[in-house]
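Hello,

Here is the structure I said I would pass on. Please have it open while you read the notes below.

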Amino acid sequence: MPAAGPERLLRQAREVGAEELGRFCARISALLQAEDWGPDTLDALRRLFLIVAATKYSRRLDPTCVVLLQTALCSPRCPERLQLLCAAVLREMAPSDSLSLSCDHAQSSRQLGLVASVLLAQVASLAPDAFPEEQTKALSKRLGDWLRYASIQQGTAHASGGFFSAPRTRQPGPVTEVDGTVATDFFTVLSTGQRFTEDQRLNVQAFSMLRAWLLQGGPAHPGAMDSDDRSELEGSTVSVLSAASTASHLLPPAEWLREKALEYCQRLLEQSGRRALRKADSGLQKACLVEAVLVLDVLCRQDPSFLYRALPCLRALRTRLCGDPACVRALLPIAQFFLHHGEAAAVDADAVCQHLFTRIPSEHFHSPMLAFEFVQFCRDHLLLFGSNLDLLRTSFPSLFKFLAWSSPALTSEFVALLPALVDAGTAVEMLHLLLDLPSLTAALDLQLRLSQAASERPLWDVSVRTPGCLEALRDPQAQGLFQHLLRAKASGTTERLTPLHQLLQPLASCARVVQCAQAVPTLLRAFFAAVTKFADGALASQLALLLLERSDSLFQVEGYEADVHRVLSSQFPALCKLHPSMVVERAKELLEFVSSLGGPRSTGHMLTSVVWAIGEYLSVSWDRRCTAEQINRFFEALEALLFEVAQSRPSATLPRCPPQVITVLMTTVAKLASRSQDLIPRVSLLLSKMRTLAQSPAAGPVHGEDDLGAICTRATELLNLLKMPSVAQFVLTPSVEVSQPRYHRDCNTALPLALALVSRLLEREAGFLPR
C-alpha cells in the first residue's frame, strides 16, 4: 500500500484551488523572469509539476507563466534540471492553445529532445498533422541516430589533483549491463554507469517518446501501405528477404527510425533477461520490457515485414515470462501483440489467452496495478478477441477476483465490461457470483493467509484474527465449497454457499470486504441492464427465481442485505415484464415464497415486488392458463400473510412491517377478487377489518399517523371499487390497451372517466347528491 507521505502530498496538490494556483504561478513567473536558477526555482517547479500532474483534469496556468516556462526551456543559460521540469509541466498541460513552441526554438540536441517531447504531447492530441514535413523527417532521422549511436563510454569525471597540482581528468570507463558485465553492444536505457554523456541522455529521451512519435507518423502518414499491400506483404517471403537486405543508409527518415527502433527493442529484450544487481534496475527492466513489446507491436502494424524479424524473440520471451511471476505485467503487451499478429504469424492466440484469463487473475489478484491494466486490456481489445471472446466470458470467475480484491478502483471499469462478459450461457452463474462477491473477497483474504509465509509483508487485514476459519477449512465439505468459490472458469453449476458464509463470517468486518459489499449494488444494476437486452422468457424466469432464492442467503456484511434487496426488488418486476407468463408458470415457487414464515419479515422490498407482480400478471389477459383455482390459492396465501404482517408487533428480532407492504397486499387481493368475483365478499370483509385496525388506538404505536392514514385511505378506495364489480374489473384488471400511458394522462379517455363515474355514483348512493 502507498506510504502516508506521498498520499498526503498528492491530496494537498489536488486540493490547491484556482486562486492559490494563480498566486503560485505569479511567484514562479517572478523567479523565471529574473533568471533566478537557484534552489528556490527548482523547488517551486517541482511543486508546480506535482500540482498539474496530480489531477485527472487539466490545470489552467497563468499565460505569463506558460510563456516564461517555454522561454526557460529554450534558453541556453537555463540549467538542465530546470529545463527538464519546465518540459514536464508543459507536457502535462498539453493539449493547450497557449503553447507556441517549435523545433526551431531548440539551440542544442538536448533542447531539441525536450522540445520535441512537449510538441509530441501537444500535436498528437490537438493537431496530428501540425508538424511540417521537413521537421518530421529531420526529427525522425535524429531520433534514429540517438537511439542507435550513443556513446558506450561513461561520462567524464573530474577529480582534484591536490592544492598545488592542476585538476586531472579521469579516463572514462565503458558502460555496463544491469548484471555488472561490460556492455559489448550499443547503449540503451538499460545500460548503467556512474555518469552519462549528453548523447546517452538523448538516447533515453528518444526511447521515452518513441512509441508516441511512431503513432503520430504511423500508417496514416504519407507513404504508408494500405491494407491490400500489407496483406500481400505478410504472405510474401521475397518481400521479407528484400526488406531485410535493404541498406540502412538508403532508407527514408521514417523507415530509418523504424529500423533503428526495431534493433533497439530487440536489444532491450536481450537485456531484460539479465539478472539485475540492484532492485531499482530490476523494476526498470520490467518497465522497459513492457514498452519495448508495445513499440514492436506498433512497428509490425506499420510495416508487416518487421513481423518475421520480431517474432522469434517474442516467442522466446513469452516462454520465459510465463514461468516468471515477477514479470507478469509484461504478458499483457505480449498478448496484445499476438492478438494483432497471431493469424499472420500462424501463432495460436488461444493458448496465450487461456493462460492470460485463468492463471494470472487467480495468482495475482492482489496486485492493484496489474488488476487495473488487465481490465483495461480486456476493455480495449474486445473487438480483437474474436473466437477468444467466449474464453473471456467463461473466465469471468477469474476476472471477478480482481474485482473482489480491488472493488473501489475497478467498479466503473467492470460496469463498462459487464455487457461484453455476460451472455445467456453465463448469466445465471454470474449473478450468483456477483451476489457472493463479498464472500469471495473474504475467501481470497483467507487464501492469502494460508499461502503466504508469516515473515512476508501481509496483504490482508492484520487486525482480524481467523484461527477458527483456518481450522474449519480442513473439513472436506468446506474445502469443496471453498474451491468452488475460488474457481478459475465458469463451471455451469451453482452451489449453495450458506455453510461457507458462516465459516467466513469473522472476516465480514474487514474493510476490503465492506468496500466490496458497497460496490455490489452498482454492479447488479449494470448486470441487469445488460441481461434485459437479450434475455428470453426462459432466462428471465430462471433469473427471477434466483432472486427469490438468494434474497435470504447473502453474506452477512453490515448494510449489505438491505442494499441488495433494494436492487433485486426493482429488477424482479422488470423480469416479470419480460415474461409475464412466469407468474402462472412458477406459481408453486411464488406461493412458497409468500407463505414462508421467515422470508416476508426480513425481505420487505422483495416481498412488495413479488406481491405486486402477482397482482399484475396473475390474469387470463396475460396467460390463458390462469385458472380460478390458482387465483383462489394465491388469495388464501396473501390473506393469511396480510393478517400476519398487519397484526405483528416489532421487536428486536422482527422489524416493523413497512406500510407499503400492507397497501400492496390489499391492492393485490382486491385485484384477485376483481378476476374471481366469488372472492369479493371475503376481500371486502378483509379490507373492512384492515380499515378498522388502522383506525384503532392500538395501531398507533406500531405505525405513524401518516402511515395509518395511507392504509385507511387505500382500504376505503378499494372497498368502494369492489361495490361495483364490473367497474372494479375495468380499473384493477385493465386490458393491455387500457394499460397504455394515455389512459392515465388524458382526462377524456376511459380510465379517468370510469373513476369519476364511480365516485359520483357512490356519493349519490350515499345521499350526498340529488337523484
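**Aromatic rings**

Tyr149 is partly exposed, as its relative accessible area is 48%. Trp256, at 8% relative accessibility, is buried, because anything under 20% is counted that way. Please keep in mind that the model is predicted.

A pair of aromatic rings is described by how far apart the centres are and by the angle of the planes. There are 15 aromatic pairs in this model. One of them joins Tyr149 and Trp256, with 6.3 Å from centre to centre and 25 degrees between the planes. That pair is stacked, because planes under 30 degrees apart are given that name. Tyr149 is in the loop between helix H7 and strand S1, while Trp256 is in helix H11. The two residues are 107 residues apart, so this pair links distant parts of the chain.

How are the rings of Phe400 and Phe414 arranged? Their centres are 5.9 Å apart and their planes are at 75 degrees, so this pair is edge-to-face. Phe400 belongs to helix H19 and Phe414 to helix H20, so the pair ties together parts 14 residues apart in sequence. Phe400 is buried at 0% relative accessibility, and Phe414 is buried at 1%.

Phe357, Phe374, Phe377, Phe385 and Phe402 make up one aromatic cluster.

**Charges over rings**

Which residue has its charged end over the ring of Phe186? It is Arg267, at 5.8 Å from the ring centre. Arg512 lies over the face of Trp405, and here the distance to the ring centre is 4.0 Å.

Regards

Note on methods
Residues are numbered from 1 along each chain as its sequence is written. This is a predicted model: local features need pLDDT of at least 70, side-chain atom pairs count only at pLDDT 80 or more; totals for chains, interfaces and linings use all residues. Side-chain values use heavy atoms; hydrogens and water are left out. Rings of Phe, Tyr and Trp (its six-membered ring) pair if their centres lie within 6.5 Å; planes under 30 degrees apart count as stacked, over 60 as edge-to-face and the rest as tilted. Helices (H or I, at least four residues) and strands (E, at least two) are DSSP runs, numbered from the N terminus. Buried means under 20% relative accessible area, exposed over 50%, partly exposed in between (1.4 Å probe, protein chains only). A charge sits over a ring if NZ of Lys or CZ of Arg is within 6 Å of the ring centre and within 35 degrees of the ring normal.
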